[in-house]
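Here is a short tour of one chain, written to be read with the viewer open. Please load the sequence and the coordinates, and follow along residue by residue.

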Amino acid sequence: MESLKTERLNIQVTPEQKALIKDAAKAVGLTVSGYVLFSTFERIGEQLGQNILDLMDKKRQDSEP
């Protein structure tokens, strides 16, 4: 079951950065938000050396009472 998206992140970028992100998202068939999320979680997994789905499951289990 997918969690409800109730939180928001806001970032400021230059017009050039926004254009690059939009182009990259379009190239892989994602929305800008989807692309930023995918890229961020992919990087988190690389940094921590784990699969991001495993990390999300662990985080969810740790927050359960």
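S39 lies in helix 2, which covers residues 32-48; helices here are DSSP runs of H or I with at least four residues, strands are runs of E with at least two, and both are numbered from the N terminus. This is a predicted model, in which local features need pLDDT of at least 70 and side-chain atom pairs count only at pLDDT 80 or more, while totals for chains, interfaces and linings use all residues. Residues are numbered from 1 along each chain as its sequence is written, and side-chain values use heavy atoms, with hydrogens and water left out.

S39 has a C-alpha atom 10.0 Å from that of A25, and the two residues are 14 apart in sequence.

| Residue | Relative accessible area | Class |
|---|---|---|
| S39 | 24% | partly exposed |
| R43 | 46% | partly exposed |
| E46 | 52% | exposed |

E46 and R43 also form a salt bridge, their closest N and O atoms being 3.5 Å apart. The term asks for a side-chain nitrogen of Lys or Arg within 4 Å of a carboxyl oxygen of Asp or Glu, and by this rule the count is 1. The two partners are 3 residues apart in helix 2, so about one helical turn separates them. In general, an α-helix has 3.6 residues a turn, so residues three or four places apart point the same way.

Now for the neighbouring element. Helix 1 (residues 15-27) has 13 residues and should span 18 Å at 1.5 Å a residue, which agrees with the 18 Å between its end C-alpha atoms; the expected span is 1.5 Å times one less than the number of residues. After helix 1 comes G29, with a positive phi near 75°.

How do helix 1 and helix 2 meet? Their axes come within 9 Å and cross at roughly 90°, where axes are lines fitted to C-alpha atoms over the stretch in contact and angles run from 0 to 180 degrees between N-to-C directions. Helix 1 and helix 2 are therefore roughly perpendicular, a label for angles of 65 to 115 degrees (under 35 is roughly parallel, over 145 roughly antiparallel, the rest oblique).

Across the whole protein chain there are 3 helices and 0 strands, and 6% of its 65 residues are buried.

Notes:
Buried < 20%, exposed > 50% of the residue type's maximum accessible area, 1.4 Å probe, protein only.
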